[in-house]
Amino acid sequence: MHLHEQGYDAHYYDEDVVGNNGAGAAYDEVVSAIQDRGVTHVAIYGHSHGGGSTHDLAERLNANRAGIGTFTINVTVYVDAIQNDSDFDNDSELRFPPSSGHHMNYYQPNGLLHGGIVPGADNLDVTTTQWGQNLDHKTIDNNGTVINAVRDRIIQQMSQP
């Protein structure tokens with residue numbers, strides 16, 4: 001997403017490094033960024049089980065914030081999010097990530113694996129758009145319009161106080 005090239009302290013992780021309690025390498029990296037590199041604004045996003053991991057990571061960060069330091073979770077994003085309680089979990093992730101200042105949710109409602117409406121989020125069923133009407137779980141995360149919208153929303157929300 002070129003966020004690193006724009007000066008963001010950006011890291012990419014497989015959803016499996018986030019436990020269903022939010023612990024793991026991604027959590028450790030965010031804590032290190034806050035405590036060791038002075039990061040105060042956090043963005044988290046994920047596709048499929050990565051959406052579930054986004055929720056779980058935000059939940060753990062929020063629960064442990066007193067021991068971490070001062071930070072805000074400016075924005076979270078789900079792209080056709082699936083809960084990540086196990087590799088076999090196929091339940092849509094419909095929970096708003098705790099303490100997220102803004103949550104964007106791109107989803108499609110077709111097939112066994114699909115996201116859905118997250119209360120309080122900026123939701124978009126991509127199949128209601130001309131550009132996204134043929135997207136499914138396997139193609140939504142590689143769609144240029146979705147990729148650009150996620151990147152642009154992250155940049156926009158990270159500039160908010």
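User: Why is S99 called partly exposed?

Analyst: This is a predicted model, in which local features need pLDDT of at least 70, side-chain atom pairs count only at pLDDT 80 or more, and totals for chains, interfaces and linings use all residues. Residues are numbered from 1 along each chain as its sequence is written, and side-chain values use heavy atoms, with hydrogens and water left out. Buried means under 20% relative accessible area, exposed means over 50%, and partly exposed lies in between (1.4 Å probe, protein chains only). S99 has a relative accessible area of 34%, so S99 is partly exposed.

User: What makes the phi of S99 worth a remark?

Analyst: Phi of S99 is near 65°, a positive value in a residue other than glycine. Most residues other than glycine have a negative phi. S99 sits in the loop between β2 and β3. Helices (H or I, at least four residues) and strands (E, at least two) are DSSP runs, numbered from the N terminus.

User: Why does S48 count as buried?

Analyst: S48 has 13% relative accessibility, so S48 counts as buried. Its place is the loop between β1 and α2. Phi of S48 is near 60°, also a positive value in a residue other than glycine.

User: Why is A66 called exposed?

Analyst: The relative accessible area of A66 is 83%, so A66 is exposed. A66 belongs to helix α3 (residues 65–68).

User: How do you know that the span of α4 agrees with its 15 residues?

Analyst: The expected span is 1.5 Å times one less than the number of residues. For α4 that should be 21 Å, and its end C-alpha atoms are 21 Å apart, so the two agree.

User: Which residues of α4 are buried, and what covers them?

Analyst: The buried residues are V146, A149, V150, R151, I154, Q157 and M158. What covers them includes β1, β2 (72–79) and β3 (103–107). Contact here means heavy atoms within 4.5 Å.

User: Which element gives the most to the lining of the largest pocket?

Analyst: β1 does, with seven residues. On a 1 Å grid over the protein atoms alone, a pocket is an open set of points where a 1.4 Å probe fits, with protein on both sides within 12 Å along at least five of seven lines; lining residues have an atom within 4 Å of a point. α1 (25–37), β1 (41–47), α2 (49–63) and α4 (144–158) each supply at least two lining residues.
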